[in-house]
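These are my notebook entries on one structure. I looked up strands, pairing, the core and a few single residues.

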Amino acid sequence: QVQQVESGGGLVQAGGSLRLSCAASGRTFSSYAMGWFRQAPGKEREFVAIISLSGTRTYYADSVKGRFTISREKAENTVYLQMNSLKPEDTAVYYCNAVVWATRTAAAAWGQGTQVTVSS
């Protein structure tokens with residue numbers, strides 16, 4: 001059962017910004033760290049960012065550190081990914097999911113994701 005819905009993707013020029021949103025079920029959101037992952041064409045899905053259940057700790061993949069910011073809004077059961085200084089290599093389908101903090105692995109079924117395309 002899919003428990004999260006991603007949105008906010010689109011086409012943007014290199015150097016631009018996008019803000020992704022992830023609406024999660026209350027049960028999922030209140031029980032887990034939440035994270036973002038991405039999958040580029042022909043590549044495996046990779047970890048992007050994670051935020052702790054409390055929202056006080058975050059961790060990023062080296063490739064996005066300093067450019068992306070993950071946050072969570074408890075009142076809305078929503079996780080955000082603010083993406084700045086986008087590069088063509090950021091082009092991928094982006095997914096959010098509940099995450100096991102220690103292993104950075106997904107803890108629930110995957111949703112449809114949202115496509116991000118960065119043109120050069």
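Strands here are DSSP runs (E, at least two residues), numbered from the N terminus. I note that the model is predicted: local features need pLDDT of at least 70, side-chain atom pairs count only at pLDDT 80 or more, and totals for chains, interfaces and linings use all residues. Residues are numbered from 1 along each chain as its sequence is written, and side-chain values use heavy atoms, with hydrogens and water left out.

I found β4 and β5 running antiparallel, joined by five bridges; two strands pair if DSSP finds at least two bridges between them. I recorded Phe 47 in β5 as the bridge partner of Phe 37.

I then followed β5 to strand β6 (residues 58-60), and the two pair in the antiparallel sense over three bridges. Ala 49 stands opposite Tyr 60 in β6. This hairpin of β5 and β6 also has six residues between the strands, and Gly 55 takes a positive phi near 85°.

I checked the burial of β5: five of its six residues are buried. Buried means under 20% relative accessible area, exposed over 50%, and partly exposed in between (1.4 Å probe, protein chains only).

**The four-stranded sheet**

I traced an open sheet of four strands in the order β1-β3-β8-β7, with antiparallel pairing. Its edge strands are β1 (4-7) and β7 (68-73), each of which pairs on one side only. Neighbouring strands of this sheet are turned by 15° against each other on average, direction ignored; the axes are lines fitted to C-alpha atoms, and angles run from 0 to 180 degrees between N-to-C directions.

I counted four bridges from β1 to strand β3 (residues 18-24), the two running antiparallel. Val 5 stands opposite Ala 23 in β3.

**The core**

Which residues have the most contacts inside the largest nonpolar core? I listed Trp 36, Leu 81, Met 83 and Tyr 94, in a core of 32 residues. Such a core is a set of buried Ala, Val, Leu, Ile, Met, Phe, Trp, Tyr and Cys residues joined through side-chain atoms within 4.5 Å. Strands β3, β4 (33-39), β5 (46-51), β7, β8 (78-83), β9 (92-100) and β11 each supply at least two residues of this core.

I looked up Leu 81 in particular. Not counting residues up to four places away in sequence, Leu 81 touches residues including Leu 18, Trp 36, Val 48, Phe 68 and Tyr 94; contact means heavy atoms within 4.5 Å.

**Thr 114**

I located Thr 114 in strand β11 (residues 114-119). Thr 114 is buried, with a relative accessible area of 9%. Its side chain reaches the backbone nitrogen of Gly 9 at 2.9 Å. Residues up to four places away in sequence aside, Thr 114 touches Glu 6, Ser 7, Gly 8, Gly 9, Leu 20, Ala 92, Val 93 and Tyr 94.

Most residues other than glycine have a negative phi. I therefore noted Asn 77, which is not a glycine and has a positive phi of about 50°, and which is partly exposed, with a relative accessible area of 24%. Asn 77 lies in the loop between β7 and β8.

I noted Ser 85 as well, with a positive phi near 50°. Ser 85 lies in the loop between β8 and β9 and counts as partly exposed at 41% relative accessibility.

Note on methods:
Polar contact = N/O pair within 3.5 Å; in protein donor to acceptor, adjacent residues only side chain to side chain.
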